[in-house]
Amino acid sequence: MTQFEQWDIVTGVGLTALGVAAGRALDTERPDHLVSDPYAASFVAAADPPVPVPRRLADTARMPDVARDVWTSMAQYLGVRSRFFDRFLMTAAAGGVRQVVVPAAGLDARAFRLDWPPGTELFEIDQPRVLEFKDGVLDRLGARPRCARHPVRADLRGDWPTALRDAGFDPDRATAWLAEGLLPFLPADAERRFFDRIDRLSPPGSRLAAEHLAPSVRPLIEDPEFRAAARQLGVDIADLWHFAGKADPDRQLTAAGWAVRSVPTYEVATAYGRDLHGLMGRTAQHGRFLTAER
Ligand SMILES: C[S@@+](CC[C@H](N)C(=O)[O-])C[C@H]1O[C@@H](n2cnc3c(N)ncnc32)[C@H](O)[C@@H]1O
């Protein structure tokens with residue numbers, strides 16, 4: 001753990017977890033919401049970020065235009081992304097999968113908000129200080145998970161499989177894996193290793209879902225206007241995301257024997273009746289959601 005730089009919920013990559021929680025909080029309030037996350041606003045309220053992060057739609061109304069546009073686009077996008085992956089997990093559960101792993105779980109509250117069948121074990125991997133913050137807020141709220149939830153404090157560039165097994169993960173059980181809001185943060189070698197390890201820990205019947213951004217997004221995120229808008233999130237995305245030397249995860253998983261499906265993010269949004277605009281809309285033009293079965 002110590003050989004890697006660490007962060008908390010208000011710095012660097014950690015702050016992106018707070019940003020996506022804010023997106024879920026805002027979408028939850030929309031009459032046409034695609035996600036219903038009653039915990040997201042509490043996470044935002046409990047943090048002390050270096051930039052204003054809204055927890056209610058009313059907060060965005062008081063923001064400068066550029067910030068309001070960024071947060072509106074976050075809410076639009078996070079609704080689509082959350083709905084898609086909620087459905088993936090509930091379909092896996094309906095298909096009999098009882099072990100779930102969420103690497104880079106951040107402030108994902110699915111353990112608390114989805115209707116898990118009895119016997120479900122759910123492992124959330126993230127940095128120690130991110131999970132400490134999350135557990136503190138949930139404890140104060142008296143929130144009860146709706147499955148057996150296991151926080152796993154580990155770095156995804158390091159030996160996370162050992163930490164996962166130590167937390168009770170059973171590599172002989174079919175597992176549903178969810179990599180949402182993660183892949184761009186992993187350098188190429190860490191991403192390749194990440195999928196290799198998932199492959200080794202996944203017996204037949206396992207499933208995987210991932211949000212993927214193509215390297216074609218790079219000129220967009222390096223554009224000065226985009227960078228200025230992205231600063232409303234408190235981080236420079238272009239400094240945090242890695243694309244150099246990345247393999248195509250479809251090919252890597254297919255070569256390892258997984259049946260992979262991939263759908264452009266825009267198609268998912270259209271199917272849900274939602275238009276994507278602004279910062280996240282432009283980013284999503286380079287995105288797709290992968291699902292795979294072993
Ligand atoms: C954009 S957030 C997404 C969080 C969550 N999946 C969600 O959608 O709400 C990115 C998360 O990835 C985690 N993360 C990124 N790189 C990581 C690493 N090397 N080890 C552990 N966690 C990592 C961050 O701490 C953060 O919580």
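Me: How do the residues lining the second largest pocket divide into nonpolar, polar and charged?

Reply: The lining of the second largest pocket holds 8 nonpolar, 3 polar and 4 charged residues. Ala, Val, Leu, Ile, Met, Phe, Trp, Tyr, Cys and Pro count as nonpolar, Asp, Glu, Lys and Arg as charged, and the others, Gly among them, as polar. The model is predicted: local features need pLDDT of at least 70, side-chain atom pairs count only at pLDDT 80 or more, and totals for chains, interfaces and linings use all residues. Residues are numbered from 1 along each chain as its sequence is written, and side-chain values use heavy atoms, leaving out hydrogens and water.

Me: What is the volume of the largest pocket?

Reply: The largest pocket has a volume of about 850 Å³. Among its 49 lining residues, Val13, Thr16, Gly181, Leu182 and Phe185 are the closest to its centre. Helix H1 gives the largest share of the lining, 9 residues, and the lining divides into 30 nonpolar, 9 polar and 10 charged residues.

Me: Why is Ser206 called buried?

Reply: Buried means under 20% relative accessible area, exposed over 50%, and partly exposed in between (1.4 Å probe, protein chains only). Ser206 has a relative accessible area of 1% and is therefore buried. Ser206 lies in the loop between helix H8 (188-200) and strand E5 (207-213).

Me: What does the side chain of Ser206 reach at 2.7 Å?

Reply: The side chain of Ser206 reaches the backbone oxygen of Pro203 at 2.7 Å and the backbone nitrogen of Thr175 at 3.1 Å. A polar contact is a pair of N or O atoms within 3.5 Å; within protein, one must be able to donate a hydrogen and the other to accept it, and residues adjacent in sequence count only if both atoms are side-chain atoms.

Me: How do you know that Arg207 counts as buried?

Reply: Arg207 has 16% relative accessibility and so counts as buried. Arg207 is in strand E5. Leaving aside neighbours within four places in sequence, Arg207 is in contact (heavy atoms within 4.5 Å) with residues including Phe88, Trp177, Trp258 and Glu293.

Me: What makes E1 and E2 a pair, and how many bridges join them?

Reply: Two strands pair if DSSP finds at least two bridges between them. E1 and strand E2 (residues 121-126) run parallel and are joined by 5 bridges, with Val101 opposite Phe123 in E2. E1 is also joined to strand E4 (residues 175-179) by 3 bridges, again in parallel.

Note on methods:
Helices (H or I, at least four residues) and strands (E, at least two) are DSSP runs, numbered from the N terminus. On a 1 Å grid over the protein atoms alone, a cavity is a set of points where a 1.4 Å probe fits but cannot get out, and a pocket is an open set with protein on both sides within 12 Å along at least five of seven lines; lining residues have an atom within 4 Å of a point. Grid points are joined across faces, edges and corners, and a volume is the space filled by probe spheres set on the points.
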